[in-house]
Amino acid sequence: MLRVNEIFYSIQGESTFAGLPCIFIRLTYCNLRCSYCDTEYAFHEGTDLTVEQIIAEIAQYNCKLVEVTGGEPLVQPECPELITSLHNSGYQVLLETGGSLPIANVDPRTHVIMDLKCPSSNMEKKNLYENISFLRQHDEIKFVIGSEEDYFWAKNLLTKYKISERCTVLFSCVFSKLTPVTLVNWILQDNLPVRFQLQMHKFIWHPEQKGV
Ligand code: SF4
């Protein structure tokens, strides 16, 4: 059984898959409490479903791209089994994880999109840096940047772990805390090998709209 907060069909708002129609499976619970969290409703609320029930539920959508997200999906021990079953059912699977729990057991067919939490999240100490060595070329690391301190911190990590050589690196702003133009100017000034992104869904719908 997995506790599922919501299942919905929308446009992927982030990552190199941004703009594509995608089914989202949002699992309940999170072991972190980021200062900028916009999905606190996923901390506790949810319905218990089996892997088979989840796969039956998403079959109603004419879409083969699915993202498993949260909360923190890897809190639930059955999450890797869900991901493997989705692959075996013919889905292309994205996993969005906060980067504090091991990704070693995640099916290698998965596109992992992993955060490294910056200082202004107040969760920097929870980063599990060993995860970096399990990332593959098709995976993505995301830095959500809320201040100049965050930017310099992320830039140092890029050098320390040679992250850009390992996988795609995404830089985005903490929504309404750092302006996109500020971050873009820093990236251009330093000629960083990163991909700037906006949370597209927050511009299409109201920023606090759930289920999109
Ligand atoms: S990891 Fe995600 S869901 Fe958990 S507190 Fe941070 S932003 Fe919220």
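Where is Asn 122 found? In this predicted model, Asn 122 sits in the loop between β6 (111-115) and β7 (140-145). Its backbone is worth a look too: phi of Asn 122 is near 70°, a positive value in a residue other than glycine.

Stepping back to the overall fold, the protein chain contains six helices and nine strands. Along the principal axes, its C-alpha atoms fill a box of roughly 50 × 35 × 30 Å. The radius of gyration of the protein chain is 16 Å, which agrees with a compact globule, because a globule of 212 residues would come out near 17 Å.

Helix α1 (residues 51-58) and helix α2 (residues 79-88) have axes that come within 10 Å and cross at roughly 45°. As for handedness, the crossing of α1 past α2 is right-handed. On the α1 side, the contact is made by Val 51, Ile 54 and Ile 55, while α2 brings in Glu 81, Leu 82, Ser 85 and Leu 86. Sorted by class, the residues of this contact between α1 and α2 are five nonpolar, one polar and one charged.

Then there is the ligand. Its surroundings consist of Cys 30, Leu 32, Arg 33, Cys 34, Cys 37, Thr 39, Gly 70, Gly 71, Glu 72 and Gly 98. By class, that shell splits into four nonpolar, four polar and two charged residues. Two of the glycines in the shell, Gly 70 and Gly 71, are also joined by a backbone feature to flag: the peptide bond from Gly 70 to Gly 71 is cis, with omega near 20°. Gly 71 itself lies in the loop between β4 (65-69) and α2, and α2 is the helix whose axis crosses that of α1 at roughly 45°.

How values were computed:
Residues are numbered from 1 along each chain as its sequence is written. This is a predicted model: local features need pLDDT of at least 70, side-chain atom pairs count only at pLDDT 80 or more; totals for chains, interfaces and linings use all residues. A residue is near a molecule or strand if its C-beta atom, placed from the backbone, lies within 6 Å of it. Ala, Val, Leu, Ile, Met, Phe, Trp, Tyr, Cys and Pro count as nonpolar, Asp, Glu, Lys and Arg as charged, and the others, Gly among them, as polar. Axes are lines fitted to C-alpha atoms, for helices over the stretch in contact, and angles run from 0 to 180 degrees between N-to-C directions. Helices (H or I, at least four residues) and strands (E, at least two) are DSSP runs, numbered from the N terminus. A crossing is left-handed if the near helix is turned anticlockwise from the far one by less than a right angle, and right-handed if clockwise. Two residues are in contact if their C-beta atoms, placed from the backbone, lie within 7 Å. The radius of gyration is taken over C-alpha atoms; the globule rule is 2.2 Å times the number of residues to the power 0.38.
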